[in-house]
Amino acid sequence: MSKEEFHEVPLKSDDVWPSADDGRNSMKILETVKDPTRPEGCRAGPRSFLNTETHSWDASQIYGSLPERCQKLRSHQDGKLQVEGQGSHYMLPQESDLDLPGVGLTGMNDNYWVGLCLLHTLFVREHNAICDHLKREYPQRTDDRLFQKARLVNAALMAKIHTLEWTPGILARPSLQIGMNGNWWEGIGEQLHKMLGITGESEELWGIPGPRTDHHGTSYSMTEEFSAVYRLHPLISDEYRFHSLTDPTCSVYKSLQDIQGNGTRAVLLHREVVMDNALYSFGLADPGVVTLGNFPRGLQAFKRIKPLQGQPEFLDLAALDVLRDRERGVPRYHDFRRMLCLKPVTSFMALNAEWADDITTLYEGHIQMVDTHVGLLAEKPPSGSGFSETAFRIFILMASRRLNSDHFFTKDYRPEVYTSVGMDWVNENTMTSVLLRHHPLAPALVGVTNPFAPWCNVHGPTGPMH
């Protein structure tokens, strides 16, 4: 690739960067691919860029974004996806690319690690369970027909889990709980919704899933503002402790570097870790706090699994988070808040007293130049919220839009498309039921109302263990 396709980020004289071996003390970051339909210098509307994956809630992370990839993942028997092993050693197959040892065969594995592997494997198994259920109810359905219906159902179940469980888990505010339930079930409520088994035209009465698609003037897309507020790398930890469901004396300690990339499968095949114990351990663990000074060290010099020809081998994700907002035209924090009808922050002390001196020095006293990502991390989140009020404004808008604007959650969210059995599967299942269907985790989930909150220590007093 040519030099023009990279950003070169200059480093201080005493900084050491692994790939700065060309005589220049700089870090290379690949540019985002520009939208070829927008000629250079075009001023008609905001900048736009290309993505390598789909924007839709179509579960492409496990099915792939391209038909060729999807075909490679399928078993071509009864609609199922490929898996191997059994019991606690149930795994996705090894990626066939010889340059990717230790990486699972899945829809997207560029930044593969144990956390992704657990969720990808869980929902591949859920896909196959849906196929079994559809096969019993519709025994004449072909492999392809079963696959397509199971994918629809699985993707809708993930969207429901994200709306009703994950979002209230990270934004534990009563108003948010009401709002997310309203997005899915709305005025008539869950029980009546299930009993009637129909949807109506009124979003206020029936919720968003139903017959009316609303693009709000713009075709379905994810905005750059949403990407900006969803940069939540501080949630990742540098160190991990793996517990056993059956042996209270067993603990295995691993670093982030140990459990990502080429080391992923080896960790999950370790006799004292395995899938059951890994899920249990992640359920016990607290996520990192989304705040300044808490960016994982392992992501500040992150070694890519397989860089393409000419791409940097190492990335500083902290620098990348800031650079992407600048590159894609996201306003600085001061203007970002103003455009959301929030009061701009007028001083560094008001933004964050603890970090005021550092931020002042970094931005040479110009509060209006603070990057959006820095400002979001500097804000003190409201009580019960995992991230800032400013980020919340964007998040809550997109939480509705990505349902409103997708025809599979609006006009095509009906039995004629999903099948009546598929609709029932989406309505009746939750993250807890998915976990319990495939793993012996019931003791860890006793009394846990939201599976995205800390689980119970099965070997000690009720409550989380850290």
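When neighbours within four places in sequence are left aside, Ala356 is in contact (heavy atoms within 4.5 Å) with Phe348 and Met349. The structure described here is a predicted model, in which local features need pLDDT of at least 70 and side-chain atom pairs count only at pLDDT 80 or more, while totals for chains, interfaces and linings use all residues. Residues are numbered from 1 along each chain as its sequence is written, and side-chain values use heavy atoms, with hydrogens and water left out. Ala356 belongs to helix α14, which covers residues 356-362; helices (H or I, at least four residues) and strands (E, at least two) are DSSP runs, numbered from the N terminus. With a relative accessibility of 3%, Ala356 counts as buried, where buried means under 20% relative accessible area, exposed means over 50% and partly exposed lies in between, for a 1.4 Å probe and protein chains only. Ala378 stands 22 residues from Ala356 along the chain, and the C-alpha atoms of the two are separated by 9.3 Å.

The protein as a whole contains 19 helices and six strands, and buried residues make up 48% of its 466 residues. Among the contacts with a separation of 6 or more, 63% are made by residues 24 or more positions apart. Gly102 is placed in the loop between α2 (67-73) and α3 (114-137), and Gly102 is buried, with a relative accessible area of 11%. Beyond the residues up to four places away in sequence, Gly102 touches Gln94, Gly261, Asn262, Thr264 and Arg265.

In soluble globular proteins, nonpolar side chains tend to be buried together. A nonpolar core is here a set of buried Ala, Val, Leu, Ile, Met, Phe, Trp, Tyr and Cys residues joined through side-chain atoms within 4.5 Å. The largest such core has 80 residues, of which Phe123, Phe242, Leu268, Tyr418, Leu435, Leu441 and Trp455 touch the most other members. Helix α4 (residues 143-170) provides the largest share of this core, namely eleven residues. Another core lies apart from the largest one and holds 32 residues, including Leu171, Leu351, Ile359 and Ala391. With neighbours within four places in sequence left aside, Phe242 is in contact with Cys250, Ser251, Val252, Lys254, Ile259, Val267, Val273, Ala278, Ser281 and Phe282.

Ser244 is found in the loop that joins β3 (239-243) and β4 (251-255), and at 6% relative accessibility this serine counts as buried. A polar contact is a pair of N or O atoms within 3.5 Å; within protein, one atom must be able to donate a hydrogen and the other to accept it, and residues adjacent in sequence count only if both atoms are side-chain atoms. The side chain of Ser244 reaches the backbone nitrogen of Thr246 at 3.1 Å and that of Asp247 at 3.0 Å. Residues up to four places away in sequence not being counted, Ser244 touches Cys250, Asn277, Tyr280 and His459. Asn277 and Tyr280 are among the buried residues of α10. This helix (residues 274-284) is mostly covered, since ten of its eleven residues are buried, and the elements that cover these buried residues include α3, β3, α9 (264-268) and α19 (431-438).

Grid points are joined across faces, edges and corners, and a volume is the space filled by probe spheres set on the points. The structure holds four cavities of 30 Å³ or more, and the largest cavity has a volume of about 80 Å³. Its lining includes Val229, His373, Leu376, Leu377 and Phe387, and helix α15 (residues 372-378) gives the most to this lining, with three residues. The second largest pocket contains about 1100 Å³ of space and is lined by 31 residues, of which Ala318, Ala319, Val322, Leu362 and Val374 lie nearest its centre. At least two lining residues of this pocket come from each of β1 (6-10), α11 (317-327), α14 and α15, and α11 gives the most, with five residues.

Methods: 1 Å grid on protein atoms, 1.4 Å probe; cavity = no way out; pocket = protein on both sides within 12 Å on 5 of 7 lines; lining within 4 Å.
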